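Here is a friendly walk through a two-chain model. Have the sequence and the 3D view open, and let us go from the interface to the sheet and then to the helices.

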Amino acid sequence: MNKLDETDLAIMRATQAGLPLTPEPYQRIAEQLGLTAEVIMTRMIAMQEQGIIRRIGAVPNHYKLGYRFNGMTVWNVPDEIIDELGQKIGQLEFVSHCYHRPRHLPEWPYNLFAMVHGKSQGDVDKQIQQIADLLGDYNQGCDVLYSTKILKKTGFRSRLG
Amino acid sequence: MDEIDRYIINTLQDGFPICDAPYQQVAVQLGLTERELIDRLQALLDNGTLTRFGPLYHAELMGGALTLAAVKAPPERFDEIVGIINAFPEVAHNYARNHALNMWFVIATETPEQIQHALTTIEQQAGLTVYNMVKIKEYFVGLKLEA
């Protein structure tokens, strides 16, 4: 990956809160930064190709769309095969995040995390069963943690760059 | 939220063009005018249906650091622990969860060293073990929620 320079970081800072809701948003960013829209668009296309911009788009509030059941499913699977399993689980259409994270034995034996989202407990139960079926005998234990309260939620805005 | 809003939300979760007049381009696809699309997006942001509209950056690739951590907050000290943890500007999200590890939070900093520093400081101030669930490998991030 190419190293980010000051221009990339300036674009990131200018767009972290969102894209301007004006007919020519990239031109608007360019004006803010004293650059041309051409430069902004070229840089953003490059950052998207490199995966630095995961995507440009709309992020809905889960709850407002009726997805009130958001479970953090955690699984204990053998380390030797976790990458293969993680790739499979990550491809399920209802999984939003899938990671390998460390165990903290003895109280935390789980190393595979997958966030699932549903409109009912029944939806989520089916999703969990689908993951369990996929893991088969490699599933050596699991748990599901539901968020009971949002204690804090902010952007990453001021922390980066 | 009506059918048009749902259509906008579903379409714009897939991505947004980088070109001179992207709203115009998307509006044509949706059978709307540019003005209607922009006004509806503004309304969806204002009423909280959308939390964001714009580029989503990969924090670690930007040079920043992130981790997920958890603590077992004793019920009688729960509010106090919330106060301690939320006071850190590095703590971006914090959720109560139904488990012995009952508080899960995300720390975002500019460097990995700052993550460790924040974790250690939280341990000291809270007097609790902080379980660092640092990402070893990412398999997938992203989701389309049907509106």
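## Where the chains meet

The contact between the chains takes 62 residues from chain B and 64 residues from chain A; two residues are in contact if their C-beta atoms, placed from the backbone, lie within 7 Å. On the side of chain B that touches chain A, the elements giving two or more residues are helix H1 (3–12), H2, helix H3 (34–46), strand S1 (50–57), H4, S3, S4 and S6 of chain B. S1(B) gives the most to that side, with eight residues. Helices (H or I, at least four residues) and strands (E, at least two) are DSSP runs, numbered from the N terminus.

This is a predicted model, in which local features need pLDDT of at least 70 and side-chain atom pairs count only at pLDDT 80 or more, while totals for chains, interfaces and linings use all residues. Residues are numbered from 1 along each chain as its sequence is written, and chains are lettered from A and ligands numbered from 1 in the order in which they are written.

## A sheet built from both chains

Which strands make up the open sheet, and in what order? Nine strands form it, in the order S5(B)-S2(B)-S4(B)-S3(B)-S5(A)-S2(A)-S4(A)-S3(A)-S6(B), with antiparallel pairing. Its edge strands are strand S5 (131–132) and strand S6 (137–141) of chain B, each of which pairs on one side only. Two strands count as paired if DSSP finds at least two bridges between them.

Strand S5 (residues 142–153) of chain A pairs with strand S3 (residues 91–97) of chain B in the antiparallel sense, over five bridges. Here A:Lys149 has B:Ala96 in S3(B) as its bridge partner. Helix H4 (residues 78–86) of chain B packs on the sheet, touching S5 of chain A as well as strand S2 (65–71), S3 and strand S4 (103–109) of chain B. The direction of H4(B) makes about 160 degrees with that of S3(B); axes are lines fitted to C-alpha atoms, for helices over the stretch in contact, and angles run from 0 to 180 degrees between N-to-C directions.

## Strand S2 of chain A

S2(A) is mostly covered, with six of its seven residues buried. A residue is buried if 20 or more other C-beta atoms lie within 10 Å of its own, exposed if 12 or fewer, and partly exposed in between, with C-beta atoms placed from the backbone.

Seven bridges join S2(A) to strand S4 (residues 112–118) of chain A, and the two run antiparallel; A:Asn70 has A:His117 as its bridge partner in S4(A). S2(A) also runs antiparallel to S5(A), joined by five bridges, and A:Trp75 stands opposite A:Cys142 in S5(A).

## Helices and their buried faces

In helix H2 (residues 25–33) of chain A, A:Pro25, A:Tyr26 and A:Ile29 are buried. They lie on the same side of H2(A) because they cover an arc of only 100 degrees around the axis, the arc being that of the directions from the helix axis to the C-beta atoms. Their cover includes helix H1 (6–15) and helix H3 (37–49) of chain A together with helix H2 (22–30) of chain B. The axes of H1(A) and H2(A) come within 11 Å and cross at roughly 115 degrees. A:Ala10, A:Ile11, A:Ala14 and A:Thr15 of H1(A) make the contact with A:Ile29, A:Gln32 and A:Leu33 of H2(A). After H2(A) comes A:Gly34, whose phi is positive, near 70 degrees.

H4(B) has its own buried residues: B:Ile81, B:Ile84 and B:Ile85. They cover an arc of only 90 degrees around the axis, which puts them on the same side of H4(B). What covers them includes S2, S3, S4 and helix H5 (112–126) of chain B.

## Two residues at the interface

B:Pro22 is in helix H2 of chain B. Is B:Pro22 buried or exposed? It is buried, because 20 other C-beta atoms lie within 10 Å. Leaving out residues up to four places away in sequence, B:Pro22 touches A:Pro25, B:Phe16 and B:Pro17.

A:Lys64 lies in the loop between strand S1 (53–60) and strand S2 (69–75) of chain A. With 18 other C-beta atoms within 10 Å, A:Lys64 is partly exposed. A:Lys64 touches B:Gly48 and B:Thr49, again not counting residues up to four places away in sequence.
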